[in-house]
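Good morning, everyone. Please look at the screen while I walk you through this one.

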Amino acid sequence: MTRYVMVADLRRCIGCQTCTAACKQANATPPGVQWRRVLDLEVGEYPAVRRVFVPTGCQHCSDPPCEWVCPTTATRRRPDGIVQILYNLCIGCAACAVACPYEARYKVEKREYAFGHEPTADEALRADDAVIGVATKCTFCADTIDAGVARGLTPGEHPEATPACVNLCISGALAFGDIDDSESRVSKLLRENKHFRMHEEQGTNPGFYYLWDRDPS
Amino acid sequence: MTAILDGAPRLQRNWDSRAACNFIGGGAGTGLLLASAAALPAGSNYFPSALLAVALIGFGLSMVWLEIGRPFRALNVFFHPQTSWMTREALLSVPLFALAGIAILADQRLVPLPFQARVPVAGLASAAAAVGLAFMFCQARMLRASRGVPAWREPALQAVIIATGIAEGLGLLLVVSLFVAPPPAWVAPAAIAALVARAIAWEYYRQRLQTWAPAAAVAALHRISLPLQLVGHLLPAALLGAAIIAPVSQLPTAVAGLAVFATGAWLKLTVVTRAGFTQGFTIPFVPSRGRNPAETTRWPPQITQPGR
């Protein structure tokens with residue numbers, strides 16, 4: 001079996017938002033929509049306060065509440081663990097958006113452009129009416145993964161088969177790969193480091209891990 | 001450990017007052033359908049109250065239709081009965097409208113003559129009420145399934161939604177009765193019982209949330225709690241109690257019924273549009289960036305403030 005997951009090393013993330021920009025460029029998301037966000041958290045209480053950058057987005061849960069509530073079956077989990085939305089089925093009821101504990105879903109009612117009412121050349125070229133009025137979210141760049149795998153490449157190892165945010169992360173904080181492959185980079189990182197997942201108490205079994213310290217064992 | 005700035009809970013904007021209208025119309029409508037069916041054996045006039053019930057449910061569903069992003073694909077809502085409470089609600093709406101519609105037509109003797117004697121109005125009305133109750137339950141479960149919003153996923157909200165729907169239905173039956181015929185004698189005591197149930201369910205729900213929900217959500221509910229208890233529970237219960245003891249006029253009971261319905265609608269509107277805060281983001285561990293990893297186990301570090 002294959003389950004693709006993402007790993008974010010919180011020790012390395014510097015909050016540069018390059019992953020966010022890479023995602024927006026790769027997926028042509030409209031203003032206000034950030035499939036890959038970087039939270040700027042202030043943790044603790046004065047004077048013991050620290051600033052932590054936390055990349056987040058769809059956690060591609062193995063028990064995704066968004067899939068359970070979706071009345072149309074537009075949201076479904078692929079065999080490789082990627083949670084996808086079939087835009088042609090989605091009715092835009094937003095039940096998935098309120099079911100997601102990670103605030104990962106967006107719904108845009110009309111076309112919006114980054115600079116006023118006129119689209120830039122890129123926006124005009126890449127505008128897609130299929131994503132208007134429906135739920136959207138991070139896809140783990142599934143098209144890139146599928147194309148890469150079809151060419152015999154390994155997601156997480158070869159950039160041509162790896163999500164854009166991971167490819168462009170300048171500090172090497174993001175990693176991607178198959179957690180069921182014990183030799184994959186993500187498996188090694190999880191073995192060698194202490195890690196947690198966001199809102200684990202929700203029982204969604206998210207596919208997004210955060211490293212925070214070395215594991216001496 | 002607290003997380004602020006980006007990680008703070010924020011008011012969800014995906015479901016607005018149109019979605020709230022579905023819970024308002026659906027809950028009150030199915031409650032009224034139930035009350036109307038229960039009042040039928042006592043000779044109550046089924047037609048006006050059932051028609052209002054169906055109109056309320058239809059209004060709620062229409063508002064949802066206006067809210068969805070792709071209204072012309074609305075029939076796709078029927079595709080996922082295995083796990084989606086929204087699909088189940090939509091599926092139940094079909095027999096609900098059919099049964100209530102036929103019951104209304106039969107009650108008015110608008111079905112073709114050969115069938116008039118064979119159509120059991122009371123049976124149809126009871127079936128419509130049962131389906132309506134299931135419809136109301138689906139609505140309650142839709143909120144519980146919204147795992148991203150603590151104030152909605154709290155299981156105690158289900159009791160609030162169901163108690164409110166039943167109380168609103170009885171309240172609206174009292175309002176409708178003002179214009180047609182006096183309601184059966186059991187309606188006022190039943191409405192008081194429903195009000196007590198709603199008041200208890202509401203307080204229990206708020207208490208449950210206080211321990212773990214975002215403070216803003218708790219505050220939003222707290223703001224309406226006193227007026228709700230006074231105008232939504234105490235006042236109508238007093239009016240109904242007085243009407244039971246000294247049944248002089250139907251007006252006080254109608255006013256009580258209207259107060260129950262209006263405050264129920266207000267409650268649901270508040271829960272959906274004002275208390276719908278996300279849970280935000282928190283991290284259980286702080287990264288050991290830039291420090292000896294061994295130090296991370298001693299978070300927070302002991303920092304001595306100058307002058308102390």
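**A loop residue, a helix pair and an interface**

Let's begin in chain A. A:Gln17 sits in the loop between strand 1 (4-9) and helix 1 (18-27) of chain A. Keep in mind that this is a predicted model.

Most residues other than glycine have a negative phi. Is A:Gln17 buried, exposed or partly exposed? It counts as partly exposed, because it has 17 C-beta neighbours inside 10 Å.

Now A:Ala28. This residue is in the loop between helix 1 and strand 2 of chain A. A:Ala28 has 15 C-beta neighbours inside 10 Å, so it counts as partly exposed.

One more stop in chain A. Find A:Pro47, in the loop between strand 2 (36-45) and strand 3 (48-57). The peptide bond from A:Tyr46 to A:Pro47 is cis, with omega near 5°. Most peptide bonds are trans.

On to chain B. How many helices and strands does chain B have? There are 10 helices and zero strands. Of its 308 residues, 48% count as buried. Take the contacts in chain B with a separation of 6 or more: residues 24 or more positions apart account for 78% of them.

Let's look at one helix pair. Helix 1 of chain B covers residues 17-39, and helix 2 of chain B covers residues 46-67. Their axes come within 7 Å and cross at roughly 160°. An angle over 145 degrees counts as roughly antiparallel, so helix 1 of chain B is roughly antiparallel to helix 2 of chain B. The crossing is left-handed. Which residues make up this contact, by class? There are 18 nonpolar, eight polar and two charged residues.

Next, the two chains together. In chain B, 45 residues are in contact with 45 residues of chain A. On the chain B side, 23 of the residues are nonpolar, 17 are polar and five are charged.

Last, confidence. The mean pLDDT of chain B is 91, and 89% of its residues reach 70 or more. Where does the pLDDT of chain B fall below 50? Over residues 292-308. Beyond near neighbours in sequence, that stretch has 14 contacts in the model. The model as a whole scores ipTM 0.93 and pTM 0.92.

Definitions and conventions
Residues numbered from 1 in each chain as written. Chains lettered and ligands numbered in written order. Predicted model: local features only at pLDDT ≥ 70, side-chain atom pairs only at ≥ 80, totals over all residues. Axes fitted to C-alpha atoms, helices over the stretch in contact; angles between N-to-C directions. Helix = DSSP H or I, 4+ residues; strand = E, 2+ residues; numbered from the N terminus. Parallel < 35°, antiparallel > 145°, perpendicular 65-115°, else oblique. Left-handed = near helix turned anticlockwise from the far one by under 90°. Nonpolar A, V, L, I, M, F, W, Y, C, P; charged D, E, K, R; others polar. Buried ≥ 20, exposed ≤ 12 C-beta atoms within 10 Å, placed from the backbone. Contact = placed C-beta atoms within 7 Å. pLDDT = per-residue confidence, 0-100.
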